[in-house]
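This report describes selected local features of the structure shown below. Each section treats one topic.

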Amino acid sequence: MPTPRSLTTAPHRNFELEVVSGAWPTDISGEVTFASAQNTGELPHRIFDFGAICRLSLEPGARGAAPGRFAWQSVSIETPGKRLFNRHPELFAAGVLGYGSPFGAPNCSNTAPLPWGNRLYSTWDAGRPVELHPETLEFVAEVGHIDTWGGNSMDMPGVLPFLLSSAHPVADPERHCLWTVKGTLGLFGSDFGIQPSVVRYDRHDGSRVQHWPLEGVVFNGSLHTVSITRDWVILADSGNFKADPAEMMGGERTATIDSEVPVWLIRKEVLESTPSGSPVTPVCFTMAPPNGHYYAKYDDTDGVSIVWEGMDLMDLGLYLRPDDLDVNGHPVDPGAVGLYNMAMAPETIVEVVFDPESGKVLEQGLFKQDWTFNLQLSAMDWSTEGISHPTLHHVTYQGCRPGNISARAAALYEGRIDLDQVREETPGALCTFERGSMELKGRWEYPDTADHITSPAFAPRAVGADAGSSAFAGREPGGHDGYVVQPVCNDDGLRIELFDAAAVSAGPIAVLKGMHNECIPVVLHSAWGPQHHELAGDVERLHFRDELSPERLASVPEEYHASIFEVAEECDALL
Ligand SMILES: [Fe+2]
């Protein structure tokens with residue numbers, strides 16, 4: 001059975017859920033937000049479509065739900081680019097890497113929600129972070145004037161910036177800033193590729209950022225995740241997404257992912273003593289396999305310790321086409337067309353310690369089994385206390401899905417793929433690992449392969465019980481004292497399964513289902529956060545209008561200037 005058809009056919013909408021089994025605990029609070037790509041047009045690769053933010057309240061009756069019921073809400077993220085698309089859809093050309101237009105590259109912010117204190121952001125890899133209203137979820141502003149980012153990632157006309165960035169900026173609990181990244185495409189010396197820069201956005205001023213290019217670093221990949229410790233910023237080539245110039249010109253894709261990737265550590269003190277725009281020199285490491293996500297323990301007293309979620313033979317540049325056969329020779333299900341090609345090998349999770357002095361990487365623990373296919377996403381305690389001293393790391397494996405692996409992909413990876421390993425479907429599983437050792441502490445299996453388990457989130461227990469703790473901290477921070485919220489997509493309706501984080505193997509303690517068995521479209525990352533209602537005051541925000549320089553406007557045909565100013569006026573009214 002391929003992935004549920006509802007992933008590509010279910011509409012974005014609001015609905016309510018109720019408890020259908022078990023008992024909902026009273027010491028859970030807050031909400032889980034999810035990022036999702038909409039289905040607005042004819043994009044061949046759906047992960048590039050315009051974003052929506054979805055929100056599940058974990059408190060019955062909250063966010064407008066009837067007493068005893070739980071609210072699911074979904075709101076389109078109306079960036080300036082989306083507002084221009086609404087007015088002139090015919091001007092937006094659908095390519096393998098998303099939309100292009102005479103206005104520039106729209107920010108399709110669709111990959112991850114990022115709660116930061118009392119503020120909420122949405123992110124993606126080809127645009128700036130976007131701030132959303134914590135009550136209405138409506139678009140508020142993009143982060144940082146394009147000039148303060150050092151300009152576009154590649155010269156192009158238009159009033160919408162083109163910025164390669166990260167879907168996972170990270171909030172610094174001590175410096176009160178977000179760390180993220182910019183990739184600049186071009187010729188550096190004799191090397192053509194991407195030069196990464198570290199980017200810092202200070203909480204009080206969203207109108208500008210600071211940026212520092214990494215001296216001597218050029219690569220051909222992507223920068224999906226940013227992580228930090230108290231003293232270091234950690235960047236890496238994710239290794240699982242490569243733009244293929246031949247494919248962009250209409251040819252067949254030939255690029256494949258690497259077997260190892262570079263990792264760069266930059267000391268925060270160095271950034272703080274270097275003016276924005278000036279280069280800094282990182283400490284370089286190499287890691288295998290390529291990864292999607294990695295998370296450092298914030299306390300680096302004993303070294304830079306990172307859980308590295310490997311993506312072995314997971315190539316996110318590949319997507320399923322209507323004419324594709326799957327790896328078993330069957331036509332790909334129409335409901336799977338446009339989704340990414342799923343993992344072609346079991347995946348490795350490993351905890352490592354980077355030593356910037358010796359340049360060595362010390363492996364602490366590694367886990368990989370025949371069934372660890374599609375390590376999709378993980379859940380952890382993001383409170384300051386939790387990231388400083390993590391205890392448990394919860395991981396969702398979606399299982400092997402041969403119906404979502406194309407024969408085309410298998411041919412491209414001939415010699416690297418073991419076809420005997422990807423012929424059969426295998427169950428998904430929610431697993432718990434001990435931080436530090438990566439010892440498997442718990443596993444709950446989903447033997448019905450019609451169940452597509454997706455982005456889990458950790459909800460701490462009894463948040464606010466200790467007045468001396470940080471805002472996101474529960475009773476005992478670290479990842480063991482609280483709940484794992486596990487969404488299960490199925491064509492018979494979405495289920496929200498709630499687990500005791502310390503006892504995942506015991507199965508869900510409560511299950512929610514929509515009142516009318518509603519399904520949801522595909523969602524990407526999720527994040528837990530406390531409930532907030534007011535837009536944070538006393539901060540500067542970027543106005544779209546401020547980027548409309550005479551030069552940028554002149555690069556767009558004059559007949560569309562009225563639409564640009566209409567959008568600028570709409571965006572002014574949001575601030
Ligand atoms: Fe991600």
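Helix 2 is largely enclosed by the rest of the structure, because 6 of its 8 residues are buried. Buried denotes a relative accessible area under 20%, exposed one over 50%, and partly exposed a value in between, with a 1.4 Å probe and protein chains only. Helices (H or I, at least four residues) and strands (E, at least two) are DSSP runs numbered from the N terminus. The model is a predicted one, in which local features need pLDDT of at least 70 and side-chain atom pairs count only at pLDDT 80 or more, whereas totals for chains, interfaces and linings use all residues. Residues are numbered from 1 along each chain as its sequence is written, and side-chain values use heavy atoms, with hydrogens and water left out.

The buried residues of helix 2 are Pro80, Gly81, Lys82, Arg83, Leu84 and Phe85. They pack against strand 4 (70–76), strand 6 (98–100), strand 10 and helix 8 (561–573), where contact means heavy atoms within 4.5 Å.

## Lysine 82

Lysine 82 belongs to helix 2 (residues 80–87) and is buried, at 7% relative accessibility. Its side chain forms a polar contact of 3.0 Å with the side chain of glutamate 78. A polar contact is a pair of N or O atoms within 3.5 Å; within protein, one must be able to donate a hydrogen and the other to accept it, and residues adjacent in sequence count only if both atoms are side-chain atoms. When neighbours within four places in sequence are set aside, lysine 82 is in contact with Gln38, Thr40, Phe50, Ser76 and Ile77.

## The iron site

Four histidines coordinate the iron ion through their NE2 atoms, at 2.0 to 2.2 Å: His168, His224, His293 and His525. Donors are N, O and S atoms within 2.8 Å of the metal (3.2 Å for Na, K and Ca); water is not among the atoms, so sites may look incomplete. Along the chain, the donors follow the spacing H-x55-H-x68-H-x231-H. Histidine 168, in the loop between strand 10 (139–142) and strand 11 (170–172), and histidine 224, in the loop between strand 14 (210–213) and strand 15 (226–228), are 56 residues apart and link distant parts of the chain. Histidine 168 is buried, with a relative accessible area of 12%, and histidine 224 is buried, also with 12%.

The angles among the 4 donor atoms run from 86 to 161°, and the site is irregular. Four donors count as tetrahedral if all angles lie between 85 and 135 degrees; four count as square planar and six as octahedral if opposite donors are over 155 degrees apart and all others between 65 and 115; anything else is irregular.

## Backbone features

A cis peptide bond, with omega of about -10°, joins alanine 288 and proline 289. Proline 289 is found in the loop between strand 18 (283–287) and strand 19 (291–296).

Leucine 137 is not a glycine, yet has a positive phi of about 70°. This residue is placed in the loop between strand 9 (130–132) and strand 10, and leucine 137 is buried, with a relative accessible area of 0%. Alanine 462, likewise not a glycine, has a positive phi of about 55°. Alanine 462 lies in the loop between strand 28 (457–460) and strand 29 (482–489) and is partly exposed, at 22% relative accessibility.
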